[in-house]
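Thank you all for coming.

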Amino acid sequence: PQGGYGGQQGGFNGGGPQGGFGGPQMGTQNWYNSYAEEVLRTAMAQIEGDFKRLDKDGSGSIAANELTSLTFSGATKLTAKTCKLLVQAFDKDRSGSLEFQEFATLHGFIHRLKSAFDARDNSYKSTIDFAQVKKAFNQESNLGGIPDKTLKKIVAKFATPAVVSSLSAQKGTDAPCNLSFEEFVQVAAYIAHLKSMFMWEDTTRSGVIHLNQEQFFDLVSNA
(Lines give C-alpha, C1' and ligand atoms only; values in the text may rest on other atoms or scores of the structure.)
Protein backbone atom coordinates (compact mmCIF):
# COMPACT_ATOMS: atom_id res chain seq x y z
CA PRO A 1 0.00 0.00 0.00
CA GLN A 2 1.36 3.37 -0.99
CA GLY A 3 1.47 6.11 1.55
CA GLY A 4 0.52 3.87 4.48
CA TYR A 5 -2.28 1.49 5.26
CA GLY A 6 -5.32 3.68 5.72
CA GLY A 7 -8.38 2.21 7.38
CA GLN A 8 -9.35 2.62 10.98
CA GLN A 9 -7.04 4.25 13.50
CA GLY A 10 -5.99 2.10 16.40
CA GLY A 11 -5.47 -1.61 16.90
CA PHE A 12 -4.99 -4.31 19.45
CA ASN A 13 -2.10 -4.03 21.85
CA GLY A 14 -2.28 -7.64 22.95
CA GLY A 15 -1.95 -8.51 26.59
CA GLY A 16 -3.64 -11.07 28.75
CA PRO A 17 -6.68 -10.69 30.96
CA GLN A 18 -5.25 -8.49 33.69
CA GLY A 19 -8.08 -7.91 36.15
CA GLY A 20 -10.70 -8.70 33.53
CA PHE A 21 -10.72 -8.50 29.76
CA GLY A 22 -12.44 -5.25 28.93
CA GLY A 23 -12.94 -4.20 25.34
CA PRO A 24 -10.38 -4.05 22.54
CA GLN A 25 -7.61 -1.60 23.31
CA MET A 26 -7.07 0.96 20.56
CA GLY A 27 -3.53 2.11 19.94
CA THR A 28 -1.18 1.57 17.00
CA GLN A 29 -2.45 1.52 13.43
CA ASN A 30 -2.81 -1.98 11.98
CA TRP A 31 -4.38 -3.31 8.78
CA TYR A 32 -6.81 -5.39 10.85
CA ASN A 33 -8.20 -2.49 12.91
CA SER A 34 -11.65 -2.84 11.38
CA TYR A 35 -11.99 -6.21 13.05
CA ALA A 36 -11.69 -4.43 16.37
CA GLU A 37 -14.81 -2.52 15.39
CA GLU A 38 -16.47 -5.84 14.54
CA VAL A 39 -15.75 -7.08 18.04
CA LEU A 40 -17.33 -3.95 19.49
CA ARG A 41 -20.53 -4.81 17.62
CA THR A 42 -20.67 -8.45 18.76
CA ALA A 43 -21.18 -10.08 22.11
CA MET A 44 -17.92 -9.42 23.97
CA ALA A 45 -19.21 -11.54 26.85
CA GLN A 46 -19.37 -14.56 24.54
CA ILE A 47 -15.84 -13.96 23.30
CA GLU A 48 -14.57 -13.66 26.85
CA GLY A 49 -16.38 -16.87 27.76
CA ASP A 50 -14.87 -18.71 24.79
CA PHE A 51 -11.40 -17.52 25.72
CA LYS A 52 -11.72 -18.60 29.34
CA ARG A 53 -13.10 -21.99 28.33
CA LEU A 54 -10.25 -22.68 25.91
CA ASP A 55 -7.54 -21.35 28.23
CA LYS A 56 -7.71 -24.41 30.46
CA ASP A 57 -4.29 -23.89 32.06
CA GLY A 58 -4.95 -20.21 32.82
CA SER A 59 -1.87 -19.12 30.87
CA GLY A 60 -3.66 -16.14 29.32
CA SER A 61 -3.15 -17.41 25.76
CA ILE A 62 -4.62 -19.95 23.33
CA ALA A 63 -2.66 -22.16 20.93
CA ALA A 64 -3.81 -23.29 17.47
CA ASN A 65 -4.71 -26.81 18.63
CA GLU A 66 -7.01 -25.32 21.28
CA LEU A 67 -8.90 -23.30 18.66
CA THR A 68 -10.10 -26.47 16.92
CA SER A 69 -12.68 -27.08 19.64
CA LEU A 70 -14.24 -23.64 19.20
CA THR A 71 -17.35 -23.12 17.09
CA PHE A 72 -17.28 -19.94 14.99
CA SER A 73 -20.29 -18.26 13.38
CA GLY A 74 -22.92 -20.77 14.33
CA ALA A 75 -21.91 -24.36 13.57
CA THR A 76 -18.59 -23.65 11.87
CA LYS A 77 -15.63 -25.57 13.30
CA LEU A 78 -12.17 -25.20 11.78
CA THR A 79 -9.42 -27.77 11.27
CA ALA A 80 -5.99 -27.69 12.91
CA LYS A 81 -4.41 -26.53 9.64
CA THR A 82 -6.77 -23.57 9.38
CA CYS A 83 -6.38 -22.65 13.03
CA LYS A 84 -2.59 -22.64 12.66
CA LEU A 85 -2.86 -20.22 9.72
CA LEU A 86 -5.19 -17.97 11.70
CA VAL A 87 -2.88 -17.88 14.73
CA GLN A 88 0.04 -16.92 12.48
CA ALA A 89 -1.97 -14.04 11.01
CA PHE A 90 -2.78 -12.41 14.36
CA ASP A 91 0.11 -13.54 16.57
CA LYS A 92 1.97 -10.23 16.56
CA ASP A 93 4.56 -11.25 19.15
CA ARG A 94 5.10 -14.61 17.36
CA SER A 95 4.64 -16.50 20.59
CA GLY A 96 2.76 -19.31 18.84
CA SER A 97 -0.46 -18.53 20.68
CA LEU A 98 -3.06 -15.78 20.95
CA GLU A 99 -3.57 -13.49 23.90
CA PHE A 100 -7.08 -12.18 24.47
CA GLN A 101 -6.90 -9.08 22.27
CA GLU A 102 -5.43 -11.13 19.42
CA PHE A 103 -8.14 -13.75 19.94
CA ALA A 104 -10.87 -11.09 19.86
CA THR A 105 -9.48 -9.77 16.57
CA LEU A 106 -9.61 -13.27 15.11
CA HIS A 107 -13.26 -13.54 16.15
CA GLY A 108 -14.12 -10.40 14.18
CA PHE A 109 -12.14 -11.65 11.19
CA ILE A 110 -13.97 -15.00 11.05
CA HIS A 111 -17.36 -13.30 11.50
CA ARG A 112 -16.75 -11.05 8.50
CA LEU A 113 -15.44 -13.91 6.35
CA LYS A 114 -18.50 -16.04 7.10
CA SER A 115 -20.83 -13.18 6.14
CA ALA A 116 -18.92 -12.54 2.90
CA PHE A 117 -18.92 -16.25 1.98
CA ASP A 118 -22.61 -16.80 2.73
CA ALA A 119 -23.57 -13.70 0.71
CA ARG A 120 -21.95 -15.27 -2.39
CA ASP A 121 -23.01 -18.88 -1.93
CA ASN A 122 -26.03 -18.28 -4.15
CA SER A 123 -26.51 -21.96 -4.99
CA TYR A 124 -26.39 -22.97 -1.31
CA LYS A 125 -23.81 -25.64 -2.13
CA SER A 126 -21.40 -24.35 0.54
CA THR A 127 -18.85 -23.49 -2.15
CA ILE A 128 -18.04 -20.36 -4.18
CA ASP A 129 -16.12 -19.95 -7.44
CA PHE A 130 -13.03 -17.88 -8.14
CA ALA A 131 -14.97 -14.81 -9.30
CA GLN A 132 -16.95 -14.82 -6.05
CA VAL A 133 -13.79 -15.35 -3.99
CA LYS A 134 -12.27 -12.28 -5.61
CA LYS A 135 -15.45 -10.22 -5.06
CA ALA A 136 -15.57 -11.31 -1.43
CA PHE A 137 -11.98 -10.23 -0.86
CA ASN A 138 -12.50 -6.94 -2.68
CA GLN A 139 -15.54 -6.26 -0.49
CA GLU A 140 -13.36 -7.06 2.49
CA SER A 141 -11.04 -4.21 1.51
CA ASN A 142 -8.25 -5.33 3.84
CA LEU A 143 -7.85 -8.46 1.69
CA GLY A 144 -8.67 -7.02 -1.75
CA GLY A 145 -6.68 -5.57 -4.62
CA ILE A 146 -4.69 -8.74 -5.35
CA PRO A 147 -4.08 -9.37 -9.10
CA ASP A 148 -5.84 -12.45 -10.51
CA LYS A 149 -2.58 -14.23 -11.30
CA THR A 150 -1.31 -13.83 -7.74
CA LEU A 151 -4.64 -14.72 -6.14
CA LYS A 152 -4.85 -17.89 -8.22
CA LYS A 153 -1.43 -18.95 -6.97
CA ILE A 154 -2.53 -18.40 -3.38
CA VAL A 155 -5.82 -20.25 -3.91
CA ALA A 156 -3.88 -23.17 -5.45
CA LYS A 157 -1.97 -23.61 -2.18
CA PHE A 158 -5.16 -24.65 -0.39
CA ALA A 159 -7.60 -25.91 -3.05
CA THR A 160 -8.22 -29.50 -4.14
CA PRO A 161 -6.24 -30.89 -7.13
CA ALA A 162 -9.35 -30.56 -9.35
CA VAL A 163 -9.66 -26.87 -8.52
CA VAL A 164 -5.93 -26.30 -9.08
CA SER A 165 -6.20 -27.94 -12.52
CA SER A 166 -9.18 -25.77 -13.38
CA LEU A 167 -7.42 -22.60 -12.27
CA SER A 168 -4.41 -23.48 -14.43
CA ALA A 169 -6.57 -24.08 -17.49
CA GLN A 170 -8.76 -20.99 -17.23
CA LYS A 171 -7.88 -17.35 -17.72
CA GLY A 172 -9.45 -14.41 -15.94
CA THR A 173 -11.98 -15.00 -13.17
CA ASP A 174 -14.15 -17.60 -14.95
CA ALA A 175 -12.47 -20.67 -13.48
CA PRO A 176 -14.98 -23.01 -11.72
CA CYS A 177 -13.12 -22.74 -8.45
CA ASN A 178 -15.64 -24.21 -5.98
CA LEU A 179 -13.85 -23.38 -2.75
CA SER A 180 -15.39 -24.59 0.50
CA PHE A 181 -15.66 -22.23 3.45
CA GLU A 182 -12.71 -23.98 5.12
CA GLU A 183 -10.53 -23.42 2.04
CA PHE A 184 -11.81 -19.85 1.73
CA VAL A 185 -10.73 -19.14 5.33
CA GLN A 186 -7.33 -20.74 4.68
CA VAL A 187 -6.74 -18.47 1.68
CA ALA A 188 -7.89 -15.43 3.66
CA ALA A 189 -5.73 -16.37 6.66
CA TYR A 190 -2.67 -16.79 4.42
CA ILE A 191 -3.22 -13.36 2.85
CA ALA A 192 -3.80 -11.91 6.32
CA HIS A 193 -0.54 -13.45 7.53
CA LEU A 194 1.40 -11.93 4.63
CA LYS A 195 -0.14 -8.52 5.30
CA SER A 196 0.66 -8.81 9.00
CA MET A 197 4.28 -9.79 8.35
CA PHE A 198 4.71 -6.80 6.06
CA MET A 199 3.03 -4.45 8.53
CA TRP A 200 5.12 -5.68 11.46
CA GLU A 201 8.27 -4.86 9.46
CA ASP A 202 6.91 -1.51 8.20
CA THR A 203 7.26 0.29 11.53
CA THR A 204 6.96 3.74 9.91
CA ARG A 205 3.74 2.79 8.04
CA SER A 206 5.21 4.09 4.79
CA GLY A 207 4.17 1.10 2.69
CA VAL A 208 7.83 0.22 2.07
CA ILE A 209 10.14 -2.15 3.96
CA HIS A 210 13.91 -2.63 3.68
CA LEU A 211 15.37 -6.05 4.43
CA ASN A 212 18.83 -7.53 4.34
CA GLN A 213 19.31 -11.14 3.22
CA GLU A 214 19.00 -12.60 6.71
CA GLN A 215 15.81 -10.66 7.40
CA PHE A 216 14.36 -11.68 4.02
CA PHE A 217 14.96 -15.37 4.62
CA ASP A 218 13.50 -15.07 8.12
CA LEU A 219 10.40 -13.38 6.74
CA VAL A 220 9.93 -15.95 3.96
CA SER A 221 10.47 -18.87 6.31
CA ASN A 222 7.54 -17.65 8.42
CA ALA A 223 5.18 -17.30 5.43
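Before we look at any pair, let me recall the convention for handedness: a crossing is called left-handed if the near helix is turned anticlockwise from the far one by less than a right angle, and right-handed if it is turned clockwise. Please also keep in mind that this is a predicted model.

With that convention, the crossing of α4 and α9 is left-handed. Helix α4 covers residues 80–90, and its axis lies 8 Å from that of α9, at an angle of about 25°. Angles under 35 degrees count as roughly parallel, and α4 and α9 are therefore roughly parallel to each other. On the α4 side the contact involves Lys81, Thr82, Leu85, Leu86, Gln88 and Ala89, and these meet Glu182, Val185, Gln186, Ala189, Ala192, His193, Ser196 and Trp200 in α9. Sorted by class, this contact has 7 nonpolar, 5 polar and 2 charged residues.

Let me move on to helix α6, residues 130–139, whose axis comes within 12 Å of the axis of α9, residues 181–201, and crosses it at roughly 45°. That angle makes α6 oblique to α9. The crossing of α6 and α9 is right-handed. Here Val133, Ala136 and Phe137 from α6 meet Phe184, Val187, Ala188 and Ile191 from α9, and by class the contact consists of 7 nonpolar residues, with no polar and no charged ones.

The remaining partner I want to show is helix α7, residues 148–156, where the axes of α7 and α9 come within 9 Å and cross at roughly 120°. This crossing, too, is right-handed. Leu151, Ile154 and Val155 of α7 make the contact with Val187, Tyr190 and Ile191 of α9, and the residues involved divide into 6 nonpolar, no polar and no charged.

That brings me to the cavity. How many cavities of 30 Å³ or more does a search of the whole structure find? The search finds 1, and the largest cavity holds about 30 Å³ of space. Its lining is made up of Lys134, Phe137, Asn138, Leu143, Gly144, Gly145, Ile146 and Leu151. Which helix gives the most to that lining? The answer is α6, with 3 residues. By class, the lining of the largest cavity divides into 4 nonpolar, 3 polar and 1 charged.

Notes: Residues numbered from 1 in each chain as written. Predicted model: local features only at pLDDT ≥ 70, side-chain atom pairs only at ≥ 80, totals over all residues. Heavy atoms only, no water. Axes fitted to C-alpha atoms, helices over the stretch in contact; angles between N-to-C directions. Helix = DSSP H or I, 4+ residues; strand = E, 2+ residues; numbered from the N terminus. Parallel < 35°, antiparallel > 145°, perpendicular 65-115°, else oblique. Contact = heavy atoms within 4.5 Å. Nonpolar A, V, L, I, M, F, W, Y, C, P; charged D, E, K, R; others polar. 1 Å grid on protein atoms, 1.4 Å probe; cavity = no way out; pocket = protein on both sides within 12 Å on 5 of 7 lines; lining within 4 Å. Points joined across faces, edges and corners; volume = space filled by probe spheres on them.
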